[in-house]
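Here are a few friendly notes to read alongside the model. Please keep the sequence and the 3D view open as you go.

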Amino acid sequence: QVQLVESGGGLVHTGGSLRLSCAASGFTFSSSAMCWYRQAPGKERELVGHITSGGVSTNYADSVKGRFTISRDNAKNTVYLQMNSLKPEDTAVYYCYARLQGYWGRGTQVTVSS
């Protein structure tokens, strides 16, 4: 059974940091590029960034570039999203996505207070 389980969300003040994790199971994690998406209330889901299967290359949306970092540990079947210098506009539900297989996690809420 395929599972992607996000964790690490919560409430943080402007300028704070959070580290999200996405634990994968039920498929060959190391073969899949992984993405982080987010969806704010009333808005469409948007791509935050992605990391290649081997973790060598990453890419980010302009809105988070320089503040967010995606990494992965294939030995632990886990992908991470380190979020620094958080802003109220980063408030959203954050989802991980296995690009090759098309699997979504259920999301974790991140709220940044001003």
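1. A word on terms: a residue is buried under 20% relative accessible area, exposed over 50% and partly exposed in between, using a 1.4 Å probe and protein chains only. This is a predicted model, where local features need pLDDT of at least 70, side-chain atom pairs count only at pLDDT 80 or more, and totals for chains, interfaces and linings use all residues. Residues are numbered from 1 along each chain as its sequence is written, and side-chain values use heavy atoms, leaving out hydrogens and water.

2. Aromatic rings pair if their centres lie within 6.5 Å (Phe, Tyr and the six-membered ring of Trp), with planes under 30 degrees apart called stacked, over 60 edge-to-face and the rest tilted. The count comes to six aromatic pairs. In one of them, phenylalanine 27 and tyrosine 103 have ring centres 5.4 Å apart and planes at 65 degrees, so they sit edge-to-face. Phenylalanine 27 belongs to the loop between β3 (18–25) and β4 (34–39), while tyrosine 103 is in strand β10 (103–104), 76 residues apart; strands are DSSP runs of E, at least two residues, numbered from the N terminus. Phenylalanine 27 is buried at 14% relative accessibility, and tyrosine 103 is partly exposed at 29%.

3. Tyr37, Tyr95, Tyr97 and Trp104 are joined into a cluster by ring pairs. Arginine 45 lies over the face of tryptophan 104, 4.5 Å from the ring centre (the rule asks for CZ of Arg or NZ of Lys within 6 Å of the centre and within 35 degrees of the ring normal).

4. Do look at asparagine 77, whose phi is positive, near 55 degrees. Asparagine 77 lies in the loop between β7 (68–73) and β8 (78–83).

Notes. Helix = DSSP H or I, 4+ residues; strand = E, 2+ residues; numbered from the N terminus.
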